[in-house]
Amino acid sequence: MDAPGPSDRPPQVRSGPVLEVGPLPGRPGIRASGEISVTTRRSWENALTEMSRRHAEVSYVELSGVRFVDVAGVTALAVTAMNLPGGRVVVEQPPPQLPRVLDLFWPSLNRIEVAPR
């Protein structure tokens with residue numbers, strides 16, 4: 001019997017949460033998809049740090065592909081917005097828990113504008 005070739009093997013499946021973050025085409029900011037949780041937090045925080053370095057008046061965070069964000073992920077976003085030298089962050093199409101957590105812990109944070117799904 002022949003050994004299985006590359007096409008005979010089952011595909012590799014990633015286990016655990018995955019987060020993909022990249023630049024937002026045509027506007028200053030980032031686009032994320034996947035899950036923002038303890039497993040992916042470092043990638044999320046690195047992306048927010050990079051976004052803040054490039055921040056001008058408005059930075060956009062497009063989250064239509066994010067299924068879940070934990071409280072620490074929302075905290076990282078809020079802290080990033082609070083530490084900007086000026087302007088604001090517009091969060092587009094976030095998962096439902098993000099605006100709830102912002103309203104609960106930072107009800108008067110006016111540096112973040114949330115555009116709902």
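Me: What are the ground rules for the values?
Reply: In this predicted model, local features need pLDDT of at least 70 and side-chain atom pairs count only at pLDDT 80 or more, while totals for chains, interfaces and linings use all residues. Residues are numbered from 1 along each chain as its sequence is written, and side-chain values use heavy atoms, with hydrogens and water left out.

Me: Why is Val-71 called partly exposed?
Reply: Buried means under 20% relative accessible area and exposed over 50%, with partly exposed in between (1.4 Å probe, protein chains only). Val-71 has a relative accessible area of 41%, so Val-71 is partly exposed.

Me: Which residues is Val-71 in contact with, leaving aside its neighbours within four places in sequence?
Reply: Contact means heavy atoms within 4.5 Å. On that basis, Val-71 is in contact with Val-101 and Phe-105.

Me: What makes β1 and β5 edge strands?
Reply: Two strands pair if DSSP finds at least two bridges between them; strands are DSSP runs (E, at least two residues), numbered from the N terminus. The open sheet has the order β1-β2-β3-β4-β5. β1 (19-23) and β5 (112-115) each have a single partner strand, so one side of each is left without a neighbour in the sheet.

Key: Helices (H or I, at least four residues) and strands (E, at least two) are DSSP runs, numbered from the N terminus.
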